[in-house]
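Thank you all for making the time this morning. I would like to walk you through one structure, so please have a look at it first, and then I will take it piece by piece.

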Amino acid sequence: MINVLLIEDSTVFVMGLKLALSANPEISRIDSVGTPGTAVAFLNAHPETDVAVVDITLESETDGLTLLGILREAFPTVRTLVLSHYKKPAFIMRAISSGAAAYLAKDSSPESIAAAIIDVVDGKCLFFGETIDAAKITRLFGGEDNLHARKPQGLTPRELEVLQLTTSGYSNAQIASALEITLNTVDSYKERIKGKFGLDSIIECVARAVSDGLVNA
């Protein structure tokens, strides 16, 4: 039997999702909280929780995507599933890179959401539901191996951060300051990024990343 925590700040949505999930005999308990802080407190008090269903647009200081990383570090036995209005590859990729075992759009059917919860508890990863093109996401990651390793185009989380900051117009000095690294380290990351894209300039990498949805323009 599966214990589920919904991390969602829409009361109406929570009510509907609880009603839908409660119809599944494999789901025994469904709790809900509205903020990252209460989610962490709840999971500390309820270590038997199997799955956390996370909305990435929580209206609080810590968004759902940041929360995924916190949950991965603090509660490694809790599987995380993202449920979001957003279908942009950049959001999906960051969620997967942050440890999400599934990413479903909020227009998914209740049956699909319940199936994803059961699948992630069974150890199956990277379930996208019926309204997200899973084949496209696989291509954008650069293949199945990168997808399952949670590395978009083979990029590490820090390389992806450097690429996003570059896309946002940050200079090397600003990137170094923001990430608390040296200028030489920024240059090294950019060289690695170019190598992984197989391109000669970081500008070409930015253009490709924006086109593929790896980063937000």
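Let me begin with a term that I will need throughout: a residue is called buried if its relative accessible area is under 20%, exposed if that area is over 50%, and partly exposed in between, using a 1.4 Å probe and protein chains only. What you see is a predicted model, in which local features need pLDDT of at least 70 and side-chain atom pairs count only at pLDDT 80 or more, while totals for chains, interfaces and linings use all residues. Residues are numbered from 1 along each chain as its sequence is written, and side-chain values use heavy atoms, with hydrogens and water left out.

With that in place, Tyr86 counts as partly exposed, because its relative accessibility is 34%. Tyr86 also brings us to the aromatic rings, where the rings of Phe, Tyr and Trp (for Trp, its six-membered ring) are taken as a pair if their centres lie within 6.5 Å, and where planes under 30 degrees apart count as stacked, over 60 as edge-to-face and the rest as tilted. By that rule the count is one aromatic pair. That pair is Tyr86 with Phe91, and it is stacked, with 4.6 Å from centre to centre and 15° between the planes. Another ring, that of Phe13, has Lys106 over its face at 4.5 Å from the ring centre, where a charge sits over a ring if NZ of Lys or CZ of Arg is within 6 Å of the ring centre and within 35 degrees of the ring normal.

Let me turn to the strands. Helices (H or I, at least four residues) and strands (E, at least two) are DSSP runs, numbered from the N terminus, and two strands pair if DSSP finds at least two bridges between them. β1 and β2 pair in the parallel sense over six bridges, and Leu5 stands opposite Asp31 in β2. Further along, β3 and β4 run parallel and are joined by four bridges, with Ala52 opposite Thr80 in β4. β4 is in turn joined to β5 by four bridges, again in parallel, and here the partner of Val82 is Tyr103 in β5. β4 itself is mostly covered, since five of its six residues are buried.

How are these strands connected by helices? β1, α1 and β2 make a right-handed β-α-β unit, and β4, helix α4 (residues 89-97) and β5 make a right-handed β-α-β unit as well. Right-handed here says that, with the strands pointing away from the viewer, the path from the first strand over the helix to the second runs clockwise.

Now to helix α5, residues 110-121. The expected span of a helix is 1.5 Å times one less than its number of residues, so the twelve residues of α5 should span 16 Å, and its end C-alpha atoms, at 17 Å apart, agree with that. Its buried residues are Ser112, Ile113, Ala114, Ala116, Ile117, Ile118, Asp119 and Val120, and what covers them includes β1, α1, β2, β3, β4 and β5. Just after α5, Gly123 takes a positive phi of about 95°.

On that subject, most residues other than glycine have a negative phi. Gln153, in the loop between α7 and α8, has a positive phi of about 55° although it is not a glycine. Glu180 is also not a glycine and has a positive phi near 60°; Glu180 lies in the loop between α9 and α10 and counts as exposed, because its relative accessibility is 74%.

I will finish with residues in other places. Leaving aside neighbours within four places in sequence, Thr49 is in contact (heavy atoms within 4.5 Å) with Asn3, Leu5, Arg29, Phe42, Leu43 and Val78. Pro25, in the loop between α1 and β2, is exposed, with a relative accessible area of 66%, and its C-alpha atom is 9.3 Å from that of Ile2, 23 residues away along the chain. Lastly, Ile203 is found in helix α11 and counts as exposed at 61% relative accessibility; Ile203 and Met1 are 202 residues apart in sequence and 50 Å apart in space, C-alpha to C-alpha.
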